[in-house]
Amino acid sequence: MEENRKFVRIEWPVVIKYKTIEEPRAQDQIVGKDISEGGARFIVYERLMKGTKLDMQLEVPFDTMPIFAKGEVTWIKKAGGEDSKAFEIGVIFKGLSQNDQKRLKMYIENEIKDRRKT
């Protein structure tokens with residue numbers, strides 16, 4: 001199967017704080033599994049529905065200022081065993097300021113360069 005990604009996705013343990021927009025009941029802080037300029041994949045401990053809108057803060061290593069983004073859940077699947085309450089989700093970024101978008105791109109590009117050196 002051919003990969004049709006618009007952005008390079010890298011495994012990178014970015015801390016993500018999120019809360020749902022429609023029903024601000026769901027809120028958590030987790031470590032992302034991978035990220036790109038267009039979205040992220042991470043584990044949540046509640047069943048979010050496809051299309052759920054999120055307010056997110058990405059805490060990037062070596063920076064005290066988080067990246068603020070709005071996102072939308074594009075897919076969800078059960079993570080772990082039968083009794084697991086964990087779900088893996090894919091989120092597409094829908095709202096990033098131009099400045100935050102540039103910062104995210106820079107962080108990802110720098111991480112890719114650093115990995116090539118090792």
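These notebook entries record what I looked up in a predicted model of one protein chain.

**Entry 1: the fold as a whole**

I began with the secondary structure. The protein chain has one helix and eight strands. Reading from the N terminus, I noted the order β-β-β-β-β-β-β-β-α. I then turned to the overall dimensions. The radius of gyration of the protein chain is 14 Å, close to the 13 Å that the globule rule gives for 118 residues, so the chain is as compact as a globular protein of that length. Along the principal axes, the C-alpha trace spans about 40 × 30 × 25 Å.

**Entry 2: surface and contacts**

How much of the chain counts as buried? I found 38% of the 118 residues in that class. The accessible surface of the protein chain comes to about 7800 Å². Carbon and sulfur atoms account for 50% of that surface. For contacts, I considered pairs with a separation of 6 or more, and 55% of these join residues 24 or more positions apart.

**Entry 3: the largest pocket**

I next looked for empty space. Rolling a probe the size of a water molecule over the atoms shows where such space is left. The largest pocket has a volume of about 330 Å³. Its lining consists of 21 residues, and R9, S36, G38, G39 and I92 lie nearest the centre of the pocket. The elements that give two or more residues to this lining are β5 (39-44), β7 (67-79) and β8 (86-96). Which of the elements gives the most to the lining? I recorded β8, with seven residues. I also sorted the lining by class, and the largest pocket has seven nonpolar, seven polar and seven charged residues there.

**Entry 4: T20**

I located T20 in strand β2, which covers residues 15-20. Is T20 buried or exposed? The relative accessible area of T20 is 4%, and the limit for a buried residue is under 20%, so T20 is buried. I then checked a distance across the sequence. T20 and L54 are 34 residues apart along the chain, yet their C-alpha atoms are separated by 4.5 Å.

**Entry 5: K33**

K33 is placed in the loop between β3 (27-31) and β4 (34-35). At 37% relative accessibility, K33 counts as partly exposed, because that class lies between the 20% and 50% limits. I compared sequence and space again: K33 and P13 are 20 residues apart in sequence and 6.0 Å apart in space, C-alpha to C-alpha. Which residues does K33 contact, leaving aside neighbours within four places in sequence? I listed I10, E11, W12, R41, F42, I43 and E88.

**Entry 6: V60**

I found V60 in the loop between β6 (53-59) and β7. Although V60 lies in a loop, it is buried, with a relative accessible area of 5%. Leaving aside neighbours within four places in sequence, V60 is in contact with W12, I67 and Y107.

**Entry 7: D100**

D100 has 8% relative accessibility and counts as buried. Not counting residues up to four places away in sequence, D100 touches P66, I67 and F68. I noted that I67 is among the contacts of D100 and also among those of V60.

Notes. Residues numbered from 1 in each chain as written. Predicted model: local features only at pLDDT ≥ 70, side-chain atom pairs only at ≥ 80, totals over all residues. Heavy atoms only, no water. 1 Å grid on protein atoms, 1.4 Å probe; cavity = no way out; pocket = protein on both sides within 12 Å on 5 of 7 lines; lining within 4 Å. Points joined across faces, edges and corners; volume = space filled by probe spheres on them. Helix = DSSP H or I, 4+ residues; strand = E, 2+ residues; numbered from the N terminus. Nonpolar A, V, L, I, M, F, W, Y, C, P; charged D, E, K, R; others polar. Rg over C-alpha atoms; globule rule 2.2 N^0.38 Å. Buried < 20%, exposed > 50% of the residue type's maximum accessible area, 1.4 Å probe, protein only. Contact = heavy atoms within 4.5 Å. Areas by Shrake-Rupley, 256 points an atom, 1.4 Å probe, with all protein chains shown as cover.
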